[in-house]
Every structure is written in C-alpha cells, then in structure tokens.
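Work through the exercises below with the structure in view. Each task is followed by a solution in steps.

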Amino acid sequence: MTGADASTAWFHPNWRAHQLRARLLLETGNLSDALPAARASLEFHPDNAQTLILLGHILRARAAEGRSPLSESIAAYRRAAALHPGPAVARFNLGLACGAAGRPEEAERAFRETLAIVPAHGPAAFNLAAVLA
C-alpha cells in the first residue's frame, strides 16, 4: 500500500482531504482531476465504501463522455456494496451503471437488492420497472 500502512490508513488525514477534493471536482464537472483525487484517497483507505461509491460516480460520468469503460464504474460500485452491505446507495448506482452498460439482468438484480434494503426507494422501483419493460 502506498502512502500509509494498513494499520494506520483510516487515521491518515490525507485520505479525507483527497476524498473531499474528488467530490468537489466531480460536482464542478472536473472529471480529469476528480479521478486521481479519488484514487489517492483510496491509497490511504482502500476499503472506504463512500470513496468507492464516489469513484463509481466519477467513472460513470467519464463513461458518459466516452473517457472510461462502464465496467470500471460497475467494479467500484460492486466493491463498495460488498464492503458495506447495509446502505442501498451502492446497489442503486450499480443498477444504473449496469443498465447503461446494457446488462439488464445485473441491473434488475441490483435494483431488487436496493428495494430489499429500502422498500420505498422510488427511483429503484422506477428503474426496475424500466428494466423489466
């Protein structure tokens, strides 16, 4: 692991600074700089589900511009969901990315998993209906 050893990664102050920078850059549309900032955060704290979801958002936005394959976004969301199975956000975004990648069966599964966690998740229900139509 670069930057910090695994026993102190959570406490290293740079992981959070890089994560916040990546979020700000994504929100302002600067995807070229957001990607390395998110990856730098993961160097210090590789198992941070929030940063993995953020990475997935960045990669999905880059894929929409033709600058990254959707498979990278899907991998980031999958890893986040595996590391932190409680919240539905990783699964919902996994469904969106799978749908955009032309993987309807995987999108359906992700939306169903989202609804199993949050039954009233309207966007997941809407997207599931769209996948099944």
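This is a predicted model: local features need pLDDT of at least 70, side-chain atom pairs count only at pLDDT 80 or more; totals for chains, interfaces and linings use all residues.

**Exercise 1. Confidence**

Find the mean pLDDT of the chain, and state over which residues pLDDT stays under 50.

Solution. Step 1: the chain has a mean pLDDT of 92. Step 2: a pLDDT of 70 or more is reached by 91% of the residues. Step 3: residues 1–9 are where pLDDT stays under 50. For this stretch the model has 15 contacts beyond four places in sequence.

**Exercise 2. The largest nonpolar core**

Name the residues of the largest nonpolar core that touch the most other members, and identify the elements that give two or more residues to this core.

Solution. Step 1: the core holds 32 residues, and those touching the most other members are Ala22, Leu55, Ile58, Ala80, Leu94 and Phe111. Step 2: two or more residues come from each of helix 1 (13–27), helix 2 (31–44), helix 3 (49–64), helix 4 (70–83), helix 5 (89–100), helix 6 (104–117) and helix 7 (122–132). Step 3: the most is given by helix 3, with eight residues.

Step 4 looks at one member in detail. Leaving out residues up to four places away in sequence, Ala22 touches Ala34, Ala37, Ala38, Leu54 and Ile58.

**Exercise 3. A salt bridge between helices**

Determine which parts the salt bridge of Glu113 and Arg91 ties together, and whether each residue is buried or partly exposed.

Solution. Step 1: the closest N and O atoms of Glu113 and Arg91 are 3.4 Å apart, and the cut-off for a salt bridge is 4 Å. Step 2: Glu113 lies in helix 6 and Arg91 in helix 5, so the pair ties together parts that are 22 residues apart in sequence. Step 3: buried means under 20% relative accessible area. Arg91, at 11%, is therefore buried, whereas Glu113, at 34%, is partly exposed.

**Exercise 4. Other salt bridges**

State how many salt bridges the model has, then describe the pairs Glu65 with Arg67 and Glu106 with Arg103.

Solution. Step 1: the count is seven salt bridges. Step 2: Glu65 and Arg67 meet through their side chains at 2.6 Å, N to O. Glu65 is partly exposed at 46% relative accessible area, and Arg67 is partly exposed at 36%.

Step 1: for Glu106 and Arg103, the N to O distance is 3.6 Å. Glu106 is partly exposed at 22%, and Arg103 is partly exposed at 28%.

How values were computed. Residues are numbered from 1 along each chain as its sequence is written. Side-chain values use heavy atoms; hydrogens and water are left out. pLDDT is the predictor's confidence in each residue, from 0 to 100. Contact means heavy atoms within 4.5 Å. A nonpolar core is a set of buried Ala, Val, Leu, Ile, Met, Phe, Trp, Tyr and Cys residues joined through side-chain atoms within 4.5 Å. Buried means under 20% relative accessible area, exposed over 50%, partly exposed in between (1.4 Å probe, protein chains only). Helices (H or I, at least four residues) and strands (E, at least two) are DSSP runs, numbered from the N terminus.
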